[in-house]
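Colleague: Could you take me through a single part of this model, step by step, with the cut-offs behind each term?

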Amino acid sequence: MSVTAACPVWAPFFGFAGASAAMILSSAGAAYGTAKSGIGIAGVGTFRPDLMMKALIPVVMAGIVAVYGLVVAVLVSNDMNPSSDYSAFAGFVHLAAGLSTGFAGMAAGYSIGVVGDACVRGYLYQPRMFVGMVLILIFAEVLGLYGLIVSLILNTKASSKC
């Protein structure tokens with residue numbers, strides 16, 4: 001591993017920060033979405049236990065957001081090798097990829113939690129709300145998918161040539 005202006009010794013720090021940001025922030029969003037939706041599901045389950053399985057959809061969708069962060073963290077970490085060069089450009093690109101997935105995952109998890117809680121409680125009183133709930137949850141989930149797509153595009157641009 002050669003230390004040059006294009007490949008400084010501190011460059012891998014930003015790659016690791018990107019992998020960490022993707023995993024931590026998207027997991028935090030997924031945790032919030034799961035907790036917030038779970039509160040609504042617990043309220044519904046006391047009155048109508050027969051609706052519990054359909055009401056679990058927001059929790060499943062919130063969990064998928066954490067998988068997006070895991071995918072980006074694995075992709076970023078696969079580009080890092082202690083025996084090969086790692087450029088500052090690659091470090092900053094990997095940081096951007098991790099932050100885009102992390103913040104998009106946090107936003108998606110938050111919106112899934114809020115929508116899931118409100119819609120599950122509404123579904124208790126009006127079963128025809130189910131289709132609307134699923135559509136809104138899909139639009140909330142897509143926010144995290146947008147961050148994943150941006151990260152995948154950024155990751156293809158990362159070059160460790162020194």
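Colleague: With what does the side chain of Thr-101 make a polar contact, and what surrounds that residue?

Modeller: The side chain of Thr-101 makes a polar contact with the side chain of Ser-151, at 2.4 Å, where a polar contact is a pair of N or O atoms within 3.5 Å, one able to donate a hydrogen and the other to accept it within protein, and residues adjacent in sequence count only if both atoms are side-chain atoms. This is a predicted model, in which local features need pLDDT of at least 70 and side-chain atom pairs count only at pLDDT 80 or more, while totals for chains, interfaces and linings use all residues. Residues are numbered from 1 along each chain as its sequence is written, and side-chain values use heavy atoms, with hydrogens and water left out.

Thr-101 lies in helix α4, helices being DSSP runs of H or I with at least four residues, numbered from the N terminus. Its relative accessibility is 1%, so Thr-101 counts as buried, a term that means under 20% relative accessible area with a 1.4 Å probe and protein chains only. Leaving aside neighbours within four places in sequence, Thr-101 is in contact (heavy atoms within 4.5 Å) with Ala-22, Ser-26, Tyr-68, Gly-69, Val-72, Gly-147, Leu-148 and Ser-151.

Turning to helix packing, α3 and α4 have axes 9 Å apart and pack at an angle of about 175°, the axes being lines fitted to C-alpha atoms over the stretch in contact and the angles running from 0 to 180 degrees between N-to-C directions. α3 is therefore roughly antiparallel to α4, a label for angles over 145 degrees. Among the residues that make this contact are Tyr-68, Gly-69 and Val-72 of α3 and Thr-101, Gly-105 and Ala-108 of α4. By class, the residues of the contact of α3 with α4 comprise 11 nonpolar, seven polar and no charged; Ala, Val, Leu, Ile, Met, Phe, Trp, Tyr, Cys and Pro count as nonpolar, Asp, Glu, Lys and Arg as charged, and the others, Gly among them, as polar.

The axes of α1 and α4, for their part, come within 6 Å and cross at roughly 5°. α1 is therefore roughly parallel to α4, the label for angles under 35 degrees. In the contact of α1 with α4 there are 24 nonpolar, 16 polar and three charged residues.

How values were computed: Helices (H or I, at least four residues) and strands (E, at least two) are DSSP runs, numbered from the N terminus. Angles under 35 degrees count as roughly parallel, over 145 as roughly antiparallel, 65 to 115 as roughly perpendicular and the rest as oblique. Buried means under 20% relative accessible area, exposed over 50%, partly exposed in between (1.4 Å probe, protein chains only).
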